[in-house]
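This report looks at how parts of one protein chain pack together. Please keep the sequence and the structure in view while reading.

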Amino acid sequence: MIIRDVIYGKFELPDFLHDLVVTPEFRRLSEVRLLNINSPTLAALADTSRYSHTLGVLYLALKNGAPTLSEDEYRAFLSALVVHDAGTPAFAHLFEYMLLDRFGWDHESVVPSLLSAQHHPDGAAHQIYSSQIPRFEKVCSSVGVNFELVLAMLKGVHPASRLIFGSLDFDNLDNVARMNWMLGNRFDIGSLTSLASAIGIGSGAKVELPHAQRSNLELWANLRRNAYEVLIFDGPTVAGQAVLSKAITDALDDQTLSNLDWVYTDSNLIDAIRKGSRDGKRRLDQDFFGQLPSTLLLLHVTDPAHKLHSLAREELAKHVEEYLGTKLSVTRPYGYVFRDRGAFSKLIEAIDPTNGSPWSFGEKSNSLVIYGFGNRQASSPPAQLGSDFESWILKKVA
């Protein structure tokens with residue numbers, strides 16, 4: 001099977017992966033965005049799916065070859081990469097954050113249950129994608145892939161798991177590359193593929209990486225920061241997330257949605273809200289499909305010891321909405337909070353396989369970004385209102 005990718009060009013998948021990349025568990029990701037929202041200002045990225053991202057992850061893994069794995073382990077590893085994101089809910093992290101806050105749910109933990117058909121009360125009969133039921137385990141058996149090894153890697157109990165869910169892995173390498181490419185930021189693809197080719201399994205939280213790759217790692221880190229600074233501070237993109245988050249909250253509150261509904265595609269989730277939640281439908285029709293609300297307030301809290309870090313995301317968002325409603329008479333206010341735990345920058349701890357020496361790069365960012373939106377034009381710069389809000393809320397929660 002020949003894959004033609006916008007970033008890496010043409011490449012070929014091994015024969016045993018052909019049937020795995022068309023299983024329903026994976027095909028569903030063709031209708032789940034890489035970005036958390038359909039954004040008017042970042043349209044090319046918003047149109048990019050988790051499906052194409054995962055194929056890019058496979059390309060980088062194939063460039064690496066994982067030479068320390070046995071043949072059986074390598075086949076299982078590539079198969080695990082096919083479905084490593086299969087638990088991603090509709091609108092990705094946007095919905096996941098709410099499921100995590102309310103139910104302790106996360107997309108990585110659900111994947112082994114999905115592949116074993118234990119993710120839903122209907123079990124193996126559940127339609128994971130359109131009219132299709134889970135088939136990944138059965139296909140693994142037919143193409144000679146050790147399914148138990150796949151599960152071990154996805155559960156994080158195999159050394160190769162570090163190349164799937166590590167601090168530096170094929171997933172976040174392609175994620176950074178794909179985001180930048182679809183944002184129109186061109187870079188040296190060879191530097192990132194060289195970095196991907198050099199990553200080894202390592203031990204603990206450390207990866208194997210020659211110190212000679214430091215300049216390529218620095219390129220990746222800069223690309224990562226560039227991408228997230230766009231995503232997190234682009235007003236219309238975050239406004240759409242704020243409205244959709246509130247509509248999802250409405251639907252969870254009135255039980256239109258539950259933790260079982262992570263299996264929806266993006267369009268399925270919108271349809272479910274509009275059909276089942278009166279408040280959610282009204283919110284979507286007014287402020288999501290209609291005119292997006294304006295950015296009124298922006299506060300970036302970079303001190304991790306700041307008191308606002310101790311407040312829950314939903315609580316902070318409600319405070320923003322109260323502030324906009326009482327202080328600015330905004331009739332339909334939206335608060336939105338992003339917790340940056342390594343989004344802007346990560347700490348990479350590595351071991352140089354050429355001499356066994358440990359080395360590290362960067363540091364893990366830890367900040368809080370607080371947004372306020374409303375159906376009126378701003379009378380003051382968003383940063384100024386952010387500062388005013390900070391003073392107001394600190395008095396309120398003192």
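## Terms and model

Two residues are in contact when they have heavy atoms within 4.5 Å of each other. The structure is a predicted model.

In soluble globular proteins, nonpolar side chains tend to be buried together. Here the largest nonpolar core holds 117 residues, and F77 and W220 have the most contacts inside it. Helix α13, residues 235-253, supplies the largest share of this core, with nine residues.

Which residues does F77 touch, leaving aside neighbours within four places in sequence? F77 is in contact with A61, L69, M153, A160, L163, I164 and F170. Another core, of 20 residues, lies apart from the largest one; L297, L308, L324 and L328 are among its members.

## A buried loop residue

T48 sits in the loop that joins α2 (43-46) to α3 (50-64). Is T48 buried or exposed? Its relative accessible area is 8%. Buried means under 20%, so T48 counts as buried. Not counting residues up to four places away in sequence, T48 touches R33, L34, L35, R178 and M182.

## Helix α6 and its ends

Helix α6 spans residues 107-115, and its buried residues are H107, V110, V111, P112, L114 and L115. The elements covering them include α1 (24-27), α4 (71-83), α5 (93-103), α7 (136-142) and α8 (147-154).

At the start of α6, the backbone nitrogen of E108 has a side-chain oxygen of D106 within 3.1 Å. Just after the helix, A117 has a positive phi of about 60°.

Key
Residues are numbered from 1 along each chain as its sequence is written. This is a predicted model: local features need pLDDT of at least 70, side-chain atom pairs count only at pLDDT 80 or more; totals for chains, interfaces and linings use all residues. Side-chain values use heavy atoms; hydrogens and water are left out. A nonpolar core is a set of buried Ala, Val, Leu, Ile, Met, Phe, Trp, Tyr and Cys residues joined through side-chain atoms within 4.5 Å. Buried means under 20% relative accessible area, exposed over 50%, partly exposed in between (1.4 Å probe, protein chains only). Helices (H or I, at least four residues) and strands (E, at least two) are DSSP runs, numbered from the N terminus. A polar contact is a pair of N or O atoms within 3.5 Å; within protein, one must be able to donate a hydrogen and the other to accept it, and residues adjacent in sequence count only if both atoms are side-chain atoms.
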